[in-house]
Amino acid sequence: MPAREIGPFHVQYVQVLDEHGNLDEALEPSLSEEQLVRLYRTMTLAREADQRMLKLQRQGRIGTFGPCTGMEAPSAATALAMTDRDWFVSAFREYAGWLMRGIPPANHYIAHNGWEEGNAVPAALRTLPMNIIVGSQAPHAVGIAYAMKLKGEKDSAVAVFFGDGATSQGELHEAMNFASVWRLPVIFVCQNNQWAISVPLRKQTASRTLAQKAIGYEIPAFQVDGNDALAVYRVAKEALDRAHAGEGPTFIEAVTYRLMMHTTSDDPRRYRTEADEQEWWKKEPLGRLRGYMERKGFWTAERQAAMEADVKREVEEAVKQLEAATGMAPDLPFEHVYGERHESIEEQRAEFLASLRPEAGRG
Ligand SMILES: Cc1ncc(C[n+]2csc(CCOP(=O)(O)OP(=O)(O)O)c2C)c(N)n1
Ligand SMILES: [Mg+2]
């Protein structure tokens with residue numbers, strides 16, 4: 001009996017604006033000047049705040065953090081495509097997206113200074129705080145989408161962000177399976193930045209793409225140039241429209257690169273070359289978007305200079321807020337383990353607070 005083909009399985013690669021400035025007009029999304037400027041300014045603010053934070057860390061004025069430089073486009077452009085009714089569920093490198101969702105720059109600084117108050121996002125922003133446990137945010141996102149479905153909430157979707165490393169975590173696969181079986185409005189955005197700390201993509205997976213992993217769950221999958229904000233916006237907007245229309249989840253693999261260290265505790269020179277990094281600097285997302293706006297005719301050197309000055313002012317303001325934020329509650333994390341106080345958590349809180357007293361540790 002001849003073998004019967006079950007069906008072709010597709011993964012499309014989408015690029016709208018390449019690193020040389022070539023534009024695919026057929027795919028160009030219709031974004032207004034105001035939207036483009038907002039996107040570009042937010043990505044620039046994320047870059048500036050990131051670089052300033054790196055200096056603060058080296059001066060011992062803030063704790064360790066994972067820089068987002070070079071990876072501003074996937075979270076910012078997806079957030080631009082989202083509405084206030086959508087939920088934004090991130091890992092730890094989506095600073096540009098948080099800014100786009102309206103979280104003040106200082107929150108990120110304060111959170112990385114060890115103050116949990118920085119992670120307190122106003123509920124109306126529908127944005128979860130950063131999540132360090134690799135992949136664990138995916139079931140959270142699917143849970144939110146499932147709750148919305150049960151409540152009959154329409155026109156809302158959930159975008160969940162994670163890295164290439166998270167694709168090896170079981171939780172992501174369990175989340176994708178449930179999202180597909182229940183046809184939930186979830187956008188899975190995988191930021192493939194080529195590295196999971198020192199583990200390169202080729203050791204992470206033998207798959208040609210990360211997008212194809214979603215096909216096993218019958219989830220439409222796209223690979224996009226993750227340094228091309230226009231491509232990310234286009235694919236994310238279509239995915240959100242489908243989700244809002246009740247057509248279920250989408251998986252987007254955004255191909256990008258972590259231009260800096262994994263966190264400030266890491267030294268990339270131990271596992272990759274400067275030449276490799278330089279190749280990716282040529283494809284970085286900010287210059288690409290700026291060139292596009294210049295060719296559109298509305299972005300000038302004067303506007304660029306004014307924006308840079310404005311962004312620097314905003315970052316300095318965040319630094320002032322960071323340095324003014326003292327005396328915050330060190331035991332705040334114990335507050336939010338459960339919705340209400342719990343005896344064993346209170347015991348742990350008391351033990352923790354006792355350990356902070358100056359006489360503790362003298363034995
Ligand atoms: C469950 C779990 N295992 C290990 C770690 C330690 N860790 C933090 S980030 C990271 C690599 C994550 O790589 P990727 O998902 O590609 O995200 P990226 O850091 O590249 O943005 C690891 C192993 C963790 N936080 N959580
Ligand atoms: Mg990675």
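**Reading the fold**

Modeller: Of the 363 residues of the protein chain, 40% count as buried, where buried means that 20 or more other C-beta atoms, placed from the backbone, lie within 10 Å of the residue's own, exposed means 12 or fewer, and partly exposed lies in between. This is a predicted model, in which local features need pLDDT of at least 70 and side-chain atom pairs count only at pLDDT 80 or more, whereas totals for chains, interfaces and linings use all residues. Residues are numbered from 1 along each chain as its sequence is written, and chains are lettered from A and ligands numbered from 1 in the order in which they are written.

Biologist: How many helices and strands does the protein chain have?

Modeller: Helices (H or I, at least four residues) and strands (E, at least two) are DSSP runs, numbered from the N terminus. The protein chain holds 13 helices and 8 strands. Its radius of gyration is 21 Å, close to the 21 Å of the globule rule for 363 residues, so the chain is as compact as a globular protein of that length. That radius is taken over C-alpha atoms, and the rule is 2.2 Å times the number of residues to the power 0.38. Along the principal axes, the C-alpha atoms fill a box of roughly 75 × 60 × 45 Å.

Biologist: Into which domains is the protein chain divided?

Modeller: Domain bounds come from an automatic or database domain assignment. Here they give domain 1 (12-328) and domain 2 (330-363), with C-alpha centres 34 Å apart.

Biologist: Which strands pair with β8, and in which sense?

Modeller: Two strands pair if DSSP finds at least two bridges between them. Strand β4 (residues 186-192) runs parallel to β8 over 6 bridges, and Phe188 stands opposite Phe251. Strand β7 (residues 221-225) is also parallel to β8, joined by 5 bridges; Ala221 faces Phe251 there, and Asp225 has Val255 as its bridge partner. Strand β1 (residues 12-14) in turn joins β7 in parallel through 3 bridges, where Tyr13 is partnered by Gln223.

Biologist: Is Arg258 buried or exposed?

Modeller: Arg258 lies in the loop between β8 and α9 (274-281). Arg258 is buried, because 26 other C-beta atoms lie within 10 Å. Two residues are in contact if their C-beta atoms lie within 7 Å. Leaving out residues up to four places away in sequence, Arg258 touches Gly70, Met71, Asn193 and Trp195. Across the protein chain, residues 24 or more positions apart account for 77% of the contacts with a separation of 6 or more.

Biologist: What surrounds ligand 1?

Modeller: A residue is near a molecule if its C-beta atom lies within 6 Å of it. For ligand 1, 15 residues form the surroundings, the closest being Val134, Gly163, Asp164, Gly165 and Ala196. The elements giving two or more residues to this shell are β3 (158-163) and β5 (195-196).
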